[in-house]
Amino acid sequence: MMLFSPSIIDEIPNKKFSWKGKFLFSGLFDGEHFFELISNNDGSTTFVHSEKFTGILLPFIDLSATEKGFVLMNNELKTLAEN
């Protein structure tokens, strides 16, 4: 398990939130995590959730568990929002 101490890089209340974390030091393995809420004309909201990984260790890191965690979180959020 890798531990990160992320820093907030963007925050617009009720619209957008993002942070960037690094493993040990910048350039080794960095992750930028983004959440965005987009208002649609029909009154619904589109939730965009993404992460961008960079760094020299990236080719050696299995991100499949991270992706599974995002899917589980997004599905639970959808369930909570629609109920």
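Student: What is the relative accessible area of Lys 16 in this model?

Tutor: The model is predicted, and in it Lys 16 has a relative accessible area of 31%.

Student: With which residue does Lys 16 form a salt bridge?

Tutor: First the general idea. Side chains of opposite charge can pair when their charged atoms come close. In this structure, Lys 16 forms a salt bridge with Asp 10, and their closest N and O atoms are 3.2 Å apart. Asp 10 is also partly exposed, with a relative accessible area of 24%.

Student: How many salt bridges does the structure hold?

Tutor: There are 3 salt bridges. Another one is formed by Glu 32 and Lys 20, whose closest N and O atoms are 4.0 Å apart. Glu 32 lies in strand 3 and Lys 20 in strand 2, so this pair ties together parts that are 12 residues apart in sequence. Lys 20 has 32% relative accessibility and counts as partly exposed.

Student: Where do Lys 78 and Glu 82 lie?

Tutor: Both lie in helix 1, 4 residues apart, which is about one turn of the helix. Lys 78 and Glu 82 form a salt bridge, with the closest N and O atoms 2.9 Å apart. Lys 78 is partly exposed at 47% relative accessible area, whereas Glu 82 is exposed at 57%.

Student: Now the strands. In which sense do strand 1 and strand 2 pair?

Tutor: In general, strands of a sheet pair through backbone hydrogen bonds, either parallel or antiparallel. Here, strand 1 (residues 7-12) and strand 2 (residues 16-22) pair in the antiparallel sense over 5 bridges. To follow the pairing residue by residue, look at which ones face each other: Ile 8 stands opposite Trp 19 in strand 2, and Asp 10 stands opposite Ser 18 in strand 2.

Student: How many residues are between strand 1 and strand 2?

Tutor: There are 3 residues between them, and the two strands form a hairpin. In the turn, Asn 14 has a positive phi of about 65 degrees.

Student: What is the order of the strands in the open sheet?

Tutor: The open sheet has 4 strands in the order 1-2-3-4, with antiparallel pairing. Its edge strands are strand 1 and strand 4 (45-54), each of which pairs on one side only. On average, neighbouring strands of this sheet are turned by 10 degrees against each other, direction ignored. Helix 1 (residues 64-82) packs on the sheet and touches strand 3 (30-39) and strand 4. The direction of helix 1 makes about 165 degrees with that of strand 4.

Student: Let me try one residue in detail. Which residues is Ile 9 in contact with, leaving aside its neighbours within four places in sequence?

Tutor: Begin with its place, which is in strand 1. With those neighbours left aside, Ile 9 is in contact with Ser 18, Trp 19, Lys 20 and Glu 32. Ile 9 is partly exposed, with a relative accessible area of 44%. For a distance across the model, take Ser 64: it is 55 residues from Ile 9 along the chain, and their C-alpha atoms are separated by 25 Å.

Student: How many aromatic pairs does the structure hold?

Tutor: A pair of aromatic rings is described by the distance of the centres and the angle of the planes. This structure holds 4 aromatic pairs. One of them is formed by Phe 29 and Phe 53, which are stacked, at 5.4 Å centre to centre and 10 degrees between the planes. Phe 29 lies in the loop between strand 2 and strand 3, and Phe 53 in strand 4, so the pair ties together parts that are 24 residues apart in sequence. Phe 29 counts as buried, at 3% relative accessibility.

Student: Why is the pair of Phe 35 and Phe 47 stacked?

Tutor: Their planes are at 25 degrees and their ring centres 6.0 Å apart, so the pair is stacked; the cut-off for the planes is under 30 degrees. Phe 35 lies in strand 3 and Phe 47 in strand 4, so the pair ties together parts that are 12 residues apart in sequence. Phe 35 counts as buried at 18% relative accessibility, while Phe 47 counts as partly exposed at 30%.

Student: Which residues form one aromatic cluster?

Tutor: The cluster is made of Phe 17, Trp 19, Phe 35 and Phe 47.

Methods:
Residues are numbered from 1 along each chain as its sequence is written. This is a predicted model: local features need pLDDT of at least 70, side-chain atom pairs count only at pLDDT 80 or more; totals for chains, interfaces and linings use all residues. Side-chain values use heavy atoms; hydrogens and water are left out. Two strands pair if DSSP finds at least two bridges between them. Axes are lines fitted to C-alpha atoms, for helices over the stretch in contact, and angles run from 0 to 180 degrees between N-to-C directions. Contact means heavy atoms within 4.5 Å. Buried means under 20% relative accessible area, exposed over 50%, partly exposed in between (1.4 Å probe, protein chains only). Rings of Phe, Tyr and Trp (its six-membered ring) pair if their centres lie within 6.5 Å; planes under 30 degrees apart count as stacked, over 60 as edge-to-face and the rest as tilted. A salt bridge is a side-chain nitrogen of Lys or Arg within 4 Å of a carboxyl oxygen of Asp or Glu.
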